[in-house]
Every structure is written in structure tokens, then in C-alpha cells.
Amino acid sequence: MTEPIRFPTKIAVLLRDDLAGWQRLNVTAFLTSGLANAEPELLGEEYRDADGTSYLPMFRQPVLVFAGDRATLTAAHTRALTRGLRLAIFTSELFTTGNDRDNRAAVQAVGREKLDLVGLALHAPRTVVDKVLKGAAMHP
């Protein structure tokens, strides 16, 4: 049996625990796209099946999904920014917009302390992610 690979970093998504199922999936997809863009080294090589058909690369390591209430999300956001981490965010207003330009305008219209966060994603050393996500639980 092959030993599992233990990564020194974590890719983590934190979702607010009151989101509908479709919202959780949508927010997770958008947030992870931000990490892939910001840190292309997280992506592995292209996949290829036995017939030689190639497929897009994916993250080299697992994406862990957590859930927490509004206070947990706000605290994690503050801890991440205090540590100087880059992160992707998703606010409730983004459920009402339909394109990237309007998404960015919706976030820009609200001060950091008043953002209605429904999700965030980050990549950092394991211990740092654990501290940032303190109080969050693995998503059921």
C-alpha cells in the first residue's frame, strides 16, 4: 500500500452554514477558481486517459471544505487579513449579479467590516489555515 502524501499546505474553503445546496456548490466553484488563478503552481499536470484524450489539470492536493456561522466567517476573514494572506471572498450580493464586472462593483461598494461574507477560500501552510479557520467544522 502506498503511503498517503502529506502536504505542508492546505487549500480550504469556508462556507456560511445557512446556504442552500446550490449556493454552497456555486460559491465553492467560484472561490476555488480564484485560488487557481492566483496560485497556478497549485495545479498539476494535464490528465490523459488510456485513449490519449487530454483533460484539464486540477489542483495537486485536496480542497477541504468547512462550514461555520456568520461570526466564524467574519473572524476567519479578519484572521486571514491580519496574517497578510491573499484570499478569495464571496458575498451575499454576488447571488444577485450576473457577471464579473457587476460582482467586483458589488464588493467594492461595501467596506471590509460590513461585507456580508458567505464564503472565503485560502491556501497557506497547514498550521496557519488551522488558526485562521478556528471554530469552523468540516462541511457535512
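**Helices and sheet in a predicted model**

Biologist: Which strands does helix H1 lie across?
Modeller: Helix H1 (residues 21–38) lies across strand E1 (9–16), E4, E5 and strand E6 (117–125). Contact here means heavy atoms within 4.5 Å. Helices (H or I, at least four residues) and strands (E, at least two) are DSSP runs, numbered from the N terminus.

Biologist: And at what angle does H1 run to E6?
Modeller: About 40°. Axes are lines fitted to C-alpha atoms, for helices over the stretch in contact, with angles from 0 to 180 degrees between N-to-C directions. Bear in mind it's a predicted model, where local features need pLDDT of at least 70, side-chain atom pairs need 80 or more, and totals for chains, interfaces and linings take in all residues. Numbering starts from 1 along each chain as its sequence is written, and side-chain values use heavy atoms, with hydrogens and water left out.

Biologist: OK, what about H2, which strands does that lie across?
Modeller: Helix H2 (residues 70–82) lies across E1, E4, E5 and E6, and runs at about 40° to E6.

Biologist: Switching to the sheet: what's the strand order?
Modeller: E5-E6-E1-E4-E7, five strands in an open sheet with mixed pairing. Two strands pair if DSSP finds at least two bridges between them.

Biologist: Which ones are the edge strands?
Modeller: Strand E5 (87–91) and strand E7 (137–138), each pairing on one side only.

Biologist: Is the E4 and E7 pairing parallel or antiparallel?
Modeller: Antiparallel, over two bridges, with E4 covering residues 63–68.

Biologist: Which residue in E7 does Ala-67 stand opposite?
Modeller: Ala-137 is the one facing Ala-67 there.
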